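Welcome! Please take a moment to look over the sequence and the model below, and then we can walk through them together.

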Amino acid sequence: MSDFETITVPAHLSGYPGVAFGGYVAGVLAARSAAKTVRVDFRRPVPTQAPVRLDPTAEGGARLVDGELLLAAASPAEPPARAPEPPSWELASAAADTYRAAPPDGMVDCFGCGLHRTPGTGLRLHCGRVPGGALVAAAWTPGPALGDADGLLPPELVWGALDCPGNAAGRLLDGRRAGAVTAALTARLLRPVPVGAGLVSYAWLLGSEGRKYRVGTALTTADGELCAVGEALWVEPRTQAQG
């Protein structure tokens, strides 16, 4: 028999209303994988406040299911693309201020990038475009309430820090519409991340075709030390028929 567990994503860990924050879900699945680099593919939205089953897989990964429906699956992967040099704390702070001053339309109360979240209730990944380069970035500081007993950002929230910047890259670097979703997220965590210290999340465009686009994402300390690197596939919503 399979050794499984049941998890319920709390309501505050949402991306879109009633839908679990993708980066958090990916991190939960990755924690059940023995691989250093993990890819998580999303098949269906994962609900908040509803129990779902987490199963190990024969390949050393894990999957999340709701009855007979596959929601997401994690598997070992190759390391993500090499990250470009990070923007400075000052440039990332200025980019975040620009984003907050004129956010794109369609913003929601996302745990990762919601504008009304506080340092204790969200990551506040307000990624704006970095002047003079093809990057979006946000300087941010996780509050102590987000840390574990050792004062570290839990791995699933480190994964979260690699998620929302991809949405911002699509909106600001590729002219994408609101409502895009993470179809796949690959990440490798490189070092522990303390709460209460400045961090920089940033993203860049890797490719774009039709409704899909690919991005690279990274997380560093305020001094530019790389903490985690990722690569994601995003899918834009279908255009609704007019009439």
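## Ground rules

Contact here means heavy atoms within 4.5 Å. This is a predicted model, in which local features need pLDDT of at least 70 and side-chain atom pairs count only at pLDDT 80 or more, while totals for chains, interfaces and linings use all residues. Residues are numbered from 1 along each chain as its sequence is written, and side-chain values use heavy atoms, with hydrogens and water left out.

## The sheet

Helices (H or I, at least four residues) and strands (E, at least two) are DSSP runs, numbered from the N terminus. Two strands pair if DSSP finds at least two bridges between them. Eleven strands make up an open sheet with antiparallel pairing, in the order β1-β3-β4-β5-β2-β8-β11-β10-β9-β7-β6. Its edge strands, β1 (5-7) and β6, each pair on one side only.

Let us look at some of the pairings. Strand β8 (residues 181-189) is joined by eight bridges to the antiparallel strand β11 (residues 226-235), and V181 has V235 in β11 as its bridge partner. Strand β2 (residues 37-42) runs antiparallel to β8, with five bridges joining the two; here V40 stands opposite L185 in β8. Five bridges also join β2 to strand β5 (residues 69-76), again antiparallel, and A72 in β5 is the bridge partner of F42.

Buried means under 20% relative accessible area, exposed over 50%, and partly exposed in between (1.4 Å probe, protein chains only). By that rule β2 is mostly covered, as five of its six residues are buried.

## Helix α2, one side in and one side out

Helix α2 covers residues 89-101, which is 13 residues, and spans 18 Å from its first C-alpha to its last. That is close to the 18 Å expected at 1.5 Å a residue, where the expected span is 1.5 Å times one less than the number of residues.

Which residues of α2 are buried? They are A92, S93, A95, A96 and Y99. These cover an arc of only 160° around the axis, so they lie on the same side of α2; the arc is that of the directions from the helix axis to the C-beta atoms. On the other side of α2, E90, T98 and A101 are exposed. The buried residues pack against β6 (128-129), β7 (136-140), α4 (164-173) and β9 (199-209).

## The cores

A nonpolar core is a set of buried Ala, Val, Leu, Ile, Met, Phe, Trp, Tyr and Cys residues joined through side-chain atoms within 4.5 Å. The largest one has 57 residues, of which L29, V40, L64, W140, L153, W159 and L219 touch the most other members. Helix α1 (residues 22-31) gives the most to this core, with six residues.

Leaving aside neighbours within four places in sequence, V40 is in contact with A26, L29, A72, A73, A74, W159, A183, A184 and L185. Apart from this core lies another, of ten residues, among them A92, L135, Y202 and W204.

## A buried loop residue

Where is L13 placed? L13 is in the loop between β1 and α1. L13 counts as buried because its relative accessibility is 7%. Setting aside neighbours within four places in sequence, L13 is in contact with V19, A20, F21, Y24, T48 and F111. L13 and L172 are 159 residues apart in sequence, and their C-alpha atoms are 24 Å apart in space.
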